[in-house]
Structure formats: structure tokens, C-alpha cells
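Reader: Hi! Could you walk me through this one before I set anything up?
Author: Happy to, here it comes.
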Amino acid sequence: MTASAEYSPGPERPAGWLSAEQISTARSQLPILYVDAVPVRVDESGDVVSVGLLLRATREGVMSRALVSGRVMYHERVRDALLRHIEKDLGPVALPQVPASPQPFTVAEYFPTPGVTPYHDPRQHAVSLAYVVPVSGDCRPQQDALDLAWLTPEEACAEAVQVEMNGGQGLLLRQAMAWAGRLP
């Protein structure tokens, strides 16, 4: 999972955000709801022609490819969380096409213990609703994303790219492309 921004305690913290201590405590005691978004470009008939993958540095300093991902805040609609995280990672003019009532292509359950599911997040037990989201605007890496690469679905699902993805996000990407009809 991609780490979400942590805000310092105080009145400047947006409503619904927990302090670093509070989120750490919550992560150790209950599952946290996330959204994962696979940004795609589509042609005039709606077929996926490219997939946007972020380049990030892990806490250990290792470069990895990642999907748009983040927590759903208290009292936030899932659709709003998707839009917020897409803007946070791809910029304010990414122009995501999220329907009024989005439906995930899968639910990924990340465990702190490796091997329970194909998804792993050492910090927490997280349940993530995963979406394929067409974007039509100018996308530029933001926040802690170092780069954004647009790859064909076949390139994105190739072994060379899959090994650059952590925590099971490579599998999630392959599931997204199969759901979109781009993989058998």
C-alpha cells in the first residue's frame, strides 16, 4: 500500500485526520479502509490503451512502481476518497472519470503477516476497494511520487514491471487489466 500523508497534531490538521499516534494505534487494532486506483487512458471506444504507474522510493530507499492508493477518511464517501487520492498523486488536472456510484473491480485485503493473502502491508490490516479509473487530463506526479510512466497494459503486466511493485499491487494491476478485458 502506498503510505498516506501524516499531518502533525493541531488545529491545522483537516477534520477526520488522526494524529500519528492515533493512526498507529488504530492500525494495530482494526482493519483500515483504503482505495486503490489504477489510472488508465482509454480510446474513443472505451478500451484501455495505457496504464499509469507511479515511481516511488520505499522507506528503505528502494525504487518501486505503485498504484494510486490511500485511506478513506472518517465521514468521507469512497468516491471522494478516490478523487482526493488521484489529485494528490496525479495532480489537480488529471480529470478522473469516476462515476457517481463507483463499483470496485475487486476487494484486496492486505495483512501485516506475509502469505495470508497475496496482498501485504507490514504496517496494518487494510481492506482496499480497487477501481480502474480513466483519466483524460494532464497527469503529473505529485507529493512523494517521483515519476509517472504510461505503459501499455501488456508492458505494465510484464514480469520486468511486476517485480518493481510491492505488497501485491502487481497482482492487483493484472486483475484490473483482466477485468478491463486486456488480459486473458
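Reader: Thanks! What does the accessible surface of the protein chain come to, and how much of it belongs to carbon and sulfur atoms?
Author: This is a predicted model, and its protein chain has an accessible surface of about 9200 Å². Carbon and sulfur atoms make up 56% of that.

Reader: And how many residues are buried, as a percentage?
Author: Buried residues are 46% of the 184 in the protein chain.

Reader: What is the radius of gyration, and what would a compact globule have?
Author: The protein chain has 16 Å, and a compact globule with 184 residues would be near 16 Å, so the two agree. The C-alpha trace spans about 45 × 35 × 30 Å along its principal axes.

Reader: Nice. How many helices and strands are there?
Author: There are 5 helices and 7 strands. In sequence order the pattern reads α-β-β-β-β-α-β-β-β-α-α-α.

Reader: Let's look at strand β6. Is it largely enclosed or open?
Author: Strand β6, residues 126-134, is largely enclosed by the rest of the structure, because 8 of its 9 residues are buried.

Reader: Which way does β6 run relative to β1 and β5?
Author: With β1 (residues 32-42) the pairing is parallel, over 9 bridges. With β5 (residues 106-110) β6 runs antiparallel, joined by 5 bridges. To place them, V35 stands opposite L129 in β6, while E109 has V127 in β6 as its bridge partner.

Reader: Switching to packing: which residues touch the most other members of the largest nonpolar core?
Author: That core has 27 residues, and V38, V51, L53, L172, L173 and M177 touch the most other members. Elements giving two or more residues to this core include β1, β6 and α5 (169-179).

Reader: What does L172 touch, leaving out residues up to four places away in sequence?
Author: Its contacts include D36, L67, F105, Y119 and A130. There is also a second, separate core of 18 residues, with L54, L82, C139 and A145 among them.

Reader: You mentioned C139. How many disulfides does a search of the whole structure find?
Author: The search finds 0.

Technical notes
Residues are numbered from 1 along each chain as its sequence is written. This is a predicted model: local features need pLDDT of at least 70, side-chain atom pairs count only at pLDDT 80 or more; totals for chains, interfaces and linings use all residues. Side-chain values use heavy atoms; hydrogens and water are left out. A disulfide is a pair of cysteine sulfur atoms within 2.5 Å. Buried means under 20% relative accessible area, exposed over 50%, partly exposed in between (1.4 Å probe, protein chains only). Helices (H or I, at least four residues) and strands (E, at least two) are DSSP runs, numbered from the N terminus. Two strands pair if DSSP finds at least two bridges between them. A nonpolar core is a set of buried Ala, Val, Leu, Ile, Met, Phe, Trp, Tyr and Cys residues joined through side-chain atoms within 4.5 Å. Contact means heavy atoms within 4.5 Å. The radius of gyration is taken over C-alpha atoms; the globule rule is 2.2 Å times the number of residues to the power 0.38. Accessible areas come from the Shrake-Rupley method with a 1.4 Å probe; for residues, only the protein chains shown count as cover.
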